[in-house]
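This briefing goes through one protein structure topic by topic. Keep the sequence and the 3D view open while reading.

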Amino acid sequence: MAETAIEWTDATWNPVAGCTILSPGCTNCYAMRMAARLEAMGVEKYRGLTRKSGGRSKWTGKLYLDRKSLEMPKAWRKPRQIFVNSMSDLFHTDVPAAFVAEVWSTMQATPHHTYQILTKRPDRMAELTEMMPVLRNVWLGTSVESVDHLNRIDDLLRVRAAVRFISFEPLLGSVAGANLSGIHWAIVGGESGPGARPMKPIWVDEIEAACRKHGTAFFFKQWGGRNKKAAGRELNGRTYDEMPVLKEAALS
(Lines give C-alpha, C1' and ligand atoms only; values in the text may rest on other atoms or scores of the structure.)
Protein backbone atom coordinates (compact mmCIF):
# COMPACT_ATOMS: atom_id res chain seq x y z
CA MET A 1 0.00 0.00 0.00
CA ALA A 2 1.16 3.52 -0.76
CA GLU A 3 -0.35 6.79 0.37
CA THR A 4 -1.29 8.85 -2.66
CA ALA A 5 -1.92 12.41 -3.75
CA ILE A 6 -4.78 11.31 -6.03
CA GLU A 7 -7.62 13.56 -4.97
CA TRP A 8 -10.43 10.99 -4.92
CA THR A 9 -8.76 8.23 -2.91
CA ASP A 10 -6.50 7.68 0.12
CA ALA A 11 -4.09 4.97 -0.96
CA THR A 12 -3.13 2.65 -3.80
CA TRP A 13 -2.75 -1.14 -3.80
CA ASN A 14 -1.18 -2.95 -6.73
CA PRO A 15 -1.56 -6.74 -6.76
CA VAL A 16 -0.87 -6.46 -10.51
CA ALA A 17 1.76 -4.34 -12.26
CA GLY A 18 2.17 -3.72 -15.98
CA CYS A 19 -0.33 -3.15 -18.76
CA THR A 20 -0.87 -2.72 -22.51
CA ILE A 21 -1.67 0.46 -24.43
CA LEU A 22 -5.29 0.11 -25.51
CA SER A 23 -6.65 3.50 -26.63
CA PRO A 24 -5.65 7.19 -26.95
CA GLY A 25 -6.18 7.76 -23.25
CA CYS A 26 -3.19 5.51 -22.59
CA THR A 27 -0.71 7.52 -24.67
CA ASN A 28 0.70 9.63 -21.83
CA CYS A 29 -0.18 7.29 -18.95
CA TYR A 30 1.67 8.33 -15.80
CA ALA A 31 1.92 4.69 -14.72
CA MET A 32 4.29 3.92 -17.61
CA ARG A 33 6.66 6.68 -16.48
CA MET A 34 6.36 5.60 -12.86
CA ALA A 35 7.02 1.93 -13.68
CA ALA A 36 10.19 2.87 -15.57
CA ARG A 37 11.34 4.98 -12.62
CA LEU A 38 10.69 2.17 -10.15
CA GLU A 39 12.60 -0.30 -12.31
CA ALA A 40 15.54 2.14 -12.42
CA MET A 41 15.40 2.22 -8.60
CA GLY A 42 15.80 -1.56 -8.56
CA VAL A 43 12.23 -2.52 -7.64
CA GLU A 44 12.03 -6.08 -9.00
CA LYS A 45 8.27 -6.01 -9.42
CA TYR A 46 8.61 -3.53 -12.30
CA ARG A 47 11.52 -5.11 -14.15
CA GLY A 48 10.82 -5.47 -17.86
CA LEU A 49 7.35 -3.90 -17.74
CA THR A 50 8.32 -0.90 -19.90
CA ARG A 51 10.69 -0.09 -22.76
CA LYS A 52 11.98 3.14 -24.25
CA SER A 53 10.36 4.15 -27.54
CA GLY A 54 10.58 7.59 -29.12
CA GLY A 55 12.22 8.91 -25.97
CA ARG A 56 9.34 7.76 -23.77
CA SER A 57 8.63 4.75 -21.60
CA LYS A 58 5.91 2.46 -22.94
CA TRP A 59 4.35 -0.75 -21.65
CA THR A 60 5.81 -3.96 -23.04
CA GLY A 61 2.62 -5.91 -22.33
CA LYS A 62 4.31 -7.97 -19.63
CA LEU A 63 2.41 -8.29 -16.34
CA TYR A 64 3.55 -9.08 -12.82
CA LEU A 65 1.14 -10.81 -10.42
CA ASP A 66 2.15 -9.89 -6.89
CA ARG A 67 0.64 -12.60 -4.72
CA LYS A 68 2.54 -11.40 -1.65
CA SER A 69 0.56 -8.17 -1.76
CA LEU A 70 -2.78 -9.98 -1.46
CA GLU A 71 -2.48 -10.11 2.33
CA MET A 72 -1.44 -6.48 2.76
CA PRO A 73 -4.86 -4.82 3.24
CA LYS A 74 -5.61 -7.17 6.12
CA ALA A 75 -2.86 -5.47 8.12
CA TRP A 76 -4.25 -1.95 7.61
CA ARG A 77 -6.52 -1.32 10.57
CA LYS A 78 -7.47 2.25 9.68
CA PRO A 79 -10.31 2.33 7.12
CA ARG A 80 -9.17 3.70 3.79
CA GLN A 81 -10.42 4.35 0.29
CA ILE A 82 -8.07 2.27 -1.84
CA PHE A 83 -7.48 2.61 -5.57
CA VAL A 84 -6.81 -0.94 -6.79
CA ASN A 85 -4.14 -1.32 -9.47
CA SER A 86 -3.13 2.25 -10.15
CA MET A 87 -0.20 0.66 -12.03
CA SER A 88 -2.22 -1.81 -14.09
CA ASP A 89 -5.72 -3.02 -14.96
CA LEU A 90 -7.17 -5.85 -12.88
CA PHE A 91 -9.33 -6.87 -15.84
CA HIS A 92 -6.52 -7.00 -18.39
CA THR A 93 -7.06 -10.07 -20.58
CA ASP A 94 -3.82 -11.65 -19.32
CA VAL A 95 -4.78 -11.49 -15.65
CA PRO A 96 -6.14 -14.98 -14.85
CA ALA A 97 -9.72 -15.12 -13.61
CA ALA A 98 -8.48 -17.14 -10.63
CA PHE A 99 -6.19 -14.27 -9.60
CA VAL A 100 -9.03 -11.76 -9.87
CA ALA A 101 -11.01 -14.07 -7.56
CA GLU A 102 -8.13 -13.98 -5.05
CA VAL A 103 -8.19 -10.17 -5.09
CA TRP A 104 -11.96 -10.37 -4.51
CA SER A 105 -11.43 -12.62 -1.50
CA THR A 106 -9.06 -10.10 0.08
CA MET A 107 -11.56 -7.27 -0.44
CA GLN A 108 -14.38 -9.37 0.99
CA ALA A 109 -12.25 -10.13 4.07
CA THR A 110 -11.59 -6.42 4.71
CA PRO A 111 -15.01 -4.71 4.71
CA HIS A 112 -13.66 -1.73 6.69
CA HIS A 113 -11.87 -0.56 3.52
CA THR A 114 -13.51 0.82 0.37
CA TYR A 115 -11.93 -0.40 -2.87
CA GLN A 116 -12.13 1.54 -6.12
CA ILE A 117 -11.37 -0.48 -9.27
CA LEU A 118 -10.99 1.26 -12.61
CA THR A 119 -10.68 -0.52 -15.96
CA LYS A 120 -10.57 0.21 -19.68
CA ARG A 121 -11.93 -3.30 -20.20
CA PRO A 122 -15.43 -3.20 -18.66
CA ASP A 123 -16.59 -6.01 -20.96
CA ARG A 124 -14.27 -8.41 -19.12
CA MET A 125 -15.19 -6.81 -15.81
CA ALA A 126 -18.84 -7.63 -16.50
CA GLU A 127 -17.96 -11.19 -17.50
CA LEU A 128 -15.81 -12.03 -14.46
CA THR A 129 -17.82 -10.24 -11.78
CA GLU A 130 -20.92 -12.16 -12.83
CA MET A 131 -19.35 -15.11 -10.99
CA MET A 132 -18.43 -13.12 -7.86
CA PRO A 133 -20.44 -11.71 -4.96
CA VAL A 134 -21.46 -8.05 -5.05
CA LEU A 135 -19.47 -6.39 -2.26
CA ARG A 136 -20.71 -3.19 -0.63
CA ASN A 137 -17.13 -2.00 -0.18
CA VAL A 138 -16.10 -2.41 -3.83
CA TRP A 139 -16.77 0.32 -6.39
CA LEU A 140 -16.36 -0.61 -10.05
CA GLY A 141 -15.64 1.87 -12.81
CA THR A 142 -14.38 2.43 -16.32
CA SER A 143 -12.34 5.11 -18.10
CA VAL A 144 -13.88 7.05 -20.99
CA GLU A 145 -11.69 9.62 -22.73
CA SER A 146 -13.87 10.61 -25.69
CA VAL A 147 -17.08 9.86 -27.57
CA ASP A 148 -15.25 7.04 -29.36
CA HIS A 149 -15.36 5.00 -26.15
CA LEU A 150 -18.88 5.60 -24.87
CA ASN A 151 -19.52 1.90 -25.46
CA ARG A 152 -17.57 1.24 -22.28
CA ILE A 153 -20.46 2.80 -20.34
CA ASP A 154 -22.85 0.24 -21.82
CA ASP A 155 -20.54 -2.54 -20.64
CA LEU A 156 -20.24 -0.97 -17.17
CA LEU A 157 -24.02 -0.88 -16.83
CA ARG A 158 -24.01 -4.68 -17.16
CA VAL A 159 -21.78 -4.89 -14.06
CA ARG A 160 -23.43 -5.72 -10.74
CA ALA A 161 -21.91 -3.30 -8.23
CA ALA A 162 -22.63 -1.26 -5.11
CA VAL A 163 -21.24 1.78 -6.93
CA ARG A 164 -20.58 2.20 -10.64
CA PHE A 165 -18.34 5.09 -11.63
CA ILE A 166 -16.70 6.64 -14.68
CA SER A 167 -13.36 8.39 -14.88
CA PHE A 168 -13.46 10.90 -17.72
CA GLU A 169 -9.69 11.32 -17.48
CA PRO A 170 -7.81 12.24 -19.48
CA LEU A 171 -10.79 13.93 -21.13
CA LEU A 172 -9.68 14.29 -24.76
CA GLY A 173 -12.94 15.31 -26.39
CA SER A 174 -16.63 15.92 -25.92
CA VAL A 175 -18.71 13.09 -24.49
CA ALA A 176 -21.99 14.92 -24.99
CA GLY A 177 -24.82 12.44 -24.98
CA ALA A 178 -23.19 10.11 -22.45
CA ASN A 179 -25.90 8.16 -20.63
CA LEU A 180 -25.19 8.41 -16.90
CA SER A 181 -28.38 6.71 -15.82
CA GLY A 182 -27.31 4.00 -13.39
CA ILE A 183 -23.90 5.64 -12.87
CA HIS A 184 -23.33 6.81 -9.31
CA TRP A 185 -20.13 8.85 -9.66
CA ALA A 186 -18.24 10.73 -12.38
CA ILE A 187 -14.64 11.92 -12.10
CA VAL A 188 -13.43 14.48 -14.65
CA GLY A 189 -9.86 15.52 -15.27
CA GLY A 190 -7.53 16.89 -17.90
CA GLU A 191 -4.31 15.16 -18.91
CA SER A 192 -1.17 16.18 -17.01
CA GLY A 193 2.58 15.82 -17.43
CA PRO A 194 4.83 15.93 -20.50
CA GLY A 195 2.91 16.18 -23.77
CA ALA A 196 -0.41 16.81 -22.02
CA ARG A 197 -3.29 17.38 -24.43
CA PRO A 198 -5.67 20.27 -23.64
CA MET A 199 -9.18 19.90 -22.23
CA LYS A 200 -11.92 22.38 -23.23
CA PRO A 201 -14.18 23.80 -20.48
CA ILE A 202 -17.32 23.03 -22.52
CA TRP A 203 -16.52 19.32 -22.36
CA VAL A 204 -16.47 19.50 -18.55
CA ASP A 205 -19.69 21.52 -18.41
CA GLU A 206 -21.43 18.89 -20.56
CA ILE A 207 -20.52 16.16 -18.08
CA GLU A 208 -21.60 18.21 -15.06
CA ALA A 209 -24.96 18.85 -16.73
CA ALA A 210 -25.39 15.11 -17.37
CA CYS A 211 -24.57 14.42 -13.72
CA ARG A 212 -27.25 16.86 -12.55
CA LYS A 213 -29.76 15.27 -14.92
CA HIS A 214 -29.14 11.73 -13.67
CA GLY A 215 -28.31 12.38 -10.00
CA THR A 216 -24.68 11.35 -10.44
CA ALA A 217 -22.07 12.65 -7.99
CA PHE A 218 -19.62 14.98 -9.79
CA PHE A 219 -15.92 15.18 -8.90
CA PHE A 220 -13.70 17.61 -10.79
CA LYS A 221 -10.13 16.42 -10.33
CA GLN A 222 -7.98 18.86 -12.32
CA TRP A 223 -7.50 20.97 -15.45
CA GLY A 224 -4.17 19.23 -16.01
CA GLY A 225 -1.44 20.52 -18.29
CA ARG A 226 2.29 20.27 -17.83
CA ASN A 227 1.98 21.98 -14.42
CA LYS A 228 -1.31 20.72 -13.04
CA LYS A 229 -0.84 22.45 -9.69
CA ALA A 230 -0.64 25.82 -11.42
CA ALA A 231 -3.76 25.06 -13.46
CA GLY A 232 -5.62 24.07 -10.31
CA ARG A 233 -8.94 22.29 -9.97
CA GLU A 234 -11.54 25.02 -9.70
CA LEU A 235 -14.46 24.92 -12.10
CA ASN A 236 -16.61 28.02 -12.49
CA GLY A 237 -15.11 29.51 -9.35
CA ARG A 238 -15.40 26.52 -7.01
CA THR A 239 -14.19 22.98 -6.39
CA TYR A 240 -16.35 19.88 -6.83
CA ASP A 241 -15.54 16.98 -4.50
CA GLU A 242 -18.82 15.09 -4.58
CA MET A 243 -18.74 11.40 -3.66
CA PRO A 244 -21.37 8.70 -4.16
CA VAL A 245 -23.64 7.91 -1.23
CA LEU A 246 -23.69 4.15 -0.82
CA LYS A 247 -27.15 3.95 0.73
CA GLU A 248 -28.54 5.49 -2.47
CA ALA A 249 -26.62 3.15 -4.76
CA ALA A 250 -28.47 0.03 -5.86
CA LEU A 251 -26.82 -3.30 -5.16
CA SER A 252 -27.61 -4.67 -8.57
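The structure holds one cavity of 30 Å³ or more, and about 40 Å³ of space lies in the largest cavity. This is a predicted model, in which local features need pLDDT of at least 70 and side-chain atom pairs count only at pLDDT 80 or more, while totals for chains, interfaces and linings use all residues. Residues are numbered from 1 along each chain as its sequence is written, and side-chain values use heavy atoms, with hydrogens and water left out.

**Cavity and pocket**

- Rolling a probe the size of a water molecule over the atoms shows where empty space is left.
- On a 1 Å grid over the protein atoms alone, a cavity is a set of points where a 1.4 Å probe fits but cannot get out, and a pocket is an open set with protein on both sides within 12 Å along at least five of seven lines.
- Lining residues have an atom within 4 Å of a point; grid points are joined across faces, edges and corners, and a volume is the space filled by probe spheres set on the points.
- The lining of the largest cavity consists of Trp104, Met132, Pro133, Val134, Leu135, Val138, Leu140, Arg160, Ala161 and Ala162.
- By type, that lining has nine nonpolar residues, no polar ones and one charged (Ala, Val, Leu, Ile, Met, Phe, Trp, Tyr, Cys and Pro count as nonpolar, Asp, Glu, Lys and Arg as charged, and the others, Gly among them, as polar).
- The second largest pocket has a volume of about 170 Å³, and its lining divides into four nonpolar, four polar and four charged residues.
- Among the residues lining the second largest pocket are Thr27, Cys29, Arg33, Lys52, Ser57 and Pro194.
- Helix 1 (30–40) and strand 5 (56–59) each give at least two residues to the lining of the second largest pocket; helices (H or I, at least four residues) and strands (E, at least two) are DSSP runs, numbered from the N terminus.

**Helix 5**

- Helix 5 covers residues 201–214, and its 14 residues should span 20 Å at 1.5 Å a residue, which agrees with end C-alpha atoms 20 Å apart; the expected span is 1.5 Å times one less than the number of residues.
- Its buried residues are Trp203, Val204, Ile207, Glu208, Ala210 and Cys211 (buried means under 20% relative accessible area, exposed over 50%, partly exposed in between, with a 1.4 Å probe and protein chains only).
- Seen down the axis of helix 5, these buried residues fall within an arc of 160 degrees, so they line one face of the helix; the arc is that of the directions from the helix axis to the C-beta atoms.
- The cover over the buried residues of helix 5 includes strand 10 (163–168), strand 11 (185–189) and strand 12 (217–222).
- Gly215 follows helix 5 and has a positive phi, near 70 degrees.

**Helix 3**

- Helix 3 (residues 122–129) is mostly covered, with six of its eight residues buried.
- Those buried in helix 3 are Pro122, Arg124, Met125, Ala126, Leu128 and Thr129.
- They pack against helix 2 (97–108), strand 8 (114–119), strand 9 (138–143) and helix 4 (151–156).

- Pro170 is placed in the loop between strand 10 and strand 11, and the peptide bond from Glu169 to Pro170 is cis, with omega near -5 degrees.
- At 10% relative accessibility, Pro170 counts as buried.
- Not counting residues up to four places away in sequence, Pro170 touches Gly25, Glu145, Gly189, Gly190 and Glu191 (contact means heavy atoms within 4.5 Å).
- Gln222 belongs to strand 12 and is buried, with a relative accessible area of 2%.
- Leaving aside neighbours within four places in sequence, the contacts of Gln222 include Glu169, Val188, Met199 and Arg233.

**Two asparagines with positive phi**

- Asn85 has a positive phi of about 65 degrees although it is not a glycine; Asn85 is in the loop between strand 7 (81–84) and helix 2.
- Asn85 is buried, with a relative accessible area of 2%.
- Asn236 also is not a glycine and has a positive phi, about 50 degrees; Asn236 is in the segment after helix 6 (228–231).
- At 59% relative accessibility, Asn236 counts as exposed.
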